[in-house]
Every structure is written in C-alpha cells, then in structure tokens.
Amino acid sequence: MEISFQMDGMQSLQRKLNTIKNLDRDPRVNQALGRGAKLIQGAVKLLTPVDTGNLRNKIFAEEEKFMQWIVDTNVEYSLYVEFGTGKLGDPSVPHTNKESWTYYSDALKRFVTTHGQKPAAMFRDGFSQSHRQAFQMIKREVEEIIRNA
C-alpha cells in the first residue's frame, strides 16, 4: 500500500518564513521605524513651549544606526524645560533648593528673578501620546512586507 499527499502553498509559506527570519535586516522595516520616530518627533515638537523657537526647531528624529532611531535635541537647556527647575521642577530629578535666583537675560536686556519653572515634559508626554500610533504604523508595514512575500 502506498500513501502520498501533496501540499499546496509550501513555497509561499517558505518565502514568508524567510521574510520573517530576515525582518531585522529589511530596509523597509528600518524606513518604517524612521517614520515612527518622525511621528513621535512631531508630537514632541507640538508640546514644546516656544520662547525664541530655538528648542522646537532643534528637536530631530535621527537614525543612530540601522534599525535604531532616536528623537533628541542638542539644545543645552532642554533638560531644564523638560524637567523644570527649582521648587517647581519635577520632584523625580534633583533640583536646587534655593527659593529664587537672579540671572541676566540678553533677550530682555535686564536682570530677571525666578522662583523656578514647571516641567514641560514634552519628550515624555510626546512619546506617551504617540508611541502607540507609531507602533501600529510600523506593525502595518511589517504585516504588508510579510503578506507580499
């Protein structure tokens, strides 16, 4: 007695499995990650308070290396905006315990006394507000890559 069988779709299944196996090297996935980072960048920028516009203009999404993207800024005072300052600052990070301090403002051309600044939390809140949407966008791209394999 001889038994035989035929399986249709094995080649298609093998292509899809190979595609899944190589997703971590697929430039289309890297591009999708970049689009996700840019979506998060946009959310962060919208939440960034504007005085001169310098900080908002210097928030960027950048590929650090293949499959690794960051949203960051190189503005030296961004941490003070993100976490606040003095007694008004985010209590999860260390701040001065001074009641007030005075500095010279080039923009105002006078001395200014401050009691601190509340945190803007634009990076944390921007990520919280947009990371699910970015993930879904990347997920749809990966699903399409596999479906079209």
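## Close-up views of a predicted model

A search through the whole structure turns up seven salt bridges, a salt bridge being a side-chain nitrogen of Lys or Arg within 4 Å of a carboxyl oxygen of Asp or Glu. Please keep in mind that this is a predicted model, in which local features need pLDDT of at least 70 and side-chain atom pairs count only at pLDDT 80 or more, while totals for chains, interfaces and linings use all residues. Residues are numbered from 1 along each chain as its sequence is written, and side-chain values use heavy atoms, with hydrogens and water left out.

**View 1. Arg35 and Glu141 join two helices.** The closest N and O atoms of the Arg35 and Glu141 salt bridge are 3.3 Å apart. Arg35 belongs to helix α2 (residues 27-47) and Glu141 to helix α5 (residues 122-147), so this pair ties together parts that are 106 residues apart in sequence. Helices here are DSSP runs of H or I with at least four residues, strands are runs of E with at least two, and both are numbered from the N terminus. Arg35 counts as partly exposed at 37% relative accessibility. For this and the other views, buried means under 20% relative accessible area, exposed means over 50%, and partly exposed lies in between (1.4 Å probe, protein chains only).

**View 2. Arg25 meets Asp24.** Here the side chains of Arg25 and Asp24 come together in a salt bridge, at 3.6 Å from N to O. With 53% relative accessibility, Arg25 counts as exposed.

View 3. The side chains of Lys87 and Glu99 form a salt bridge at 3.0 Å, N to O. Both residues lie in the loop between α4 (78-83) and β3, so the pair ties together parts that are twelve residues apart in sequence. Glu99 counts as exposed, at 54% relative accessibility. Also in this view is a network of salt bridges that links Glu82, Asp90 and Arg124. Val93 has its place in the loop between α4 and β3 and counts as partly exposed at 23% relative accessibility. The C-alpha atoms of Val93 and Phe83 are separated by 7.4 Å, with the two residues ten apart along the chain.

View 4. Strand β1 (residues 59-65) and strand β2 (residues 68-73) pair in the antiparallel sense over six bridges; two strands are said to pair if DSSP finds at least two bridges between them. Phe60 stands opposite Asp72 in β2. The hairpin has two residues between its strands, and Met67 in the turn has a positive phi of about 70°. Now look for the charges: Glu62, Glu63, Glu64 and Asp72 form a negative surface patch. Three residues of the patch, its largest share, come from β1. Patches are made of residues with over 30% relative accessible area and no salt bridge, like charges being joined within 9 Å and nonpolar side chains (Val, Leu, Ile, Met, Phe, Trp, Tyr) within 5 Å. Lys and Arg count as positive and Asp and Glu as negative, while His and the chain ends are not counted. The place of a charge is taken as NZ of Lys, CZ of Arg, CG of Asp or CD of Glu.

**View 5. The β3 and β4 hairpin, with Lys109 in its turn.** Strand β3 (residues 101-105) and strand β4 (residues 110-114) pair in the antiparallel sense over five bridges. Ser105 stands opposite Arg110 in β4. Four residues lie between the two strands of the hairpin, and Lys109 in the turn has a positive phi of about 60°. Lys109 is exposed, with a relative accessible area of 64%.

**View 6. Ala121 and its positive phi.** Most residues other than glycine have a negative phi. Ala121 is not a glycine, yet it has a positive phi of about 55°. Ala121 lies in the loop between β4 and α5 and is buried, with a relative accessible area of 11%.

**View 7. A nonpolar surface patch.** Phe5, Met7, Met10, Leu13, Leu17 and Ile20 make a nonpolar surface patch of about 640 Å². Accessible areas come from the Shrake-Rupley method with a 1.4 Å probe, and for residues only the protein chains shown count as cover.
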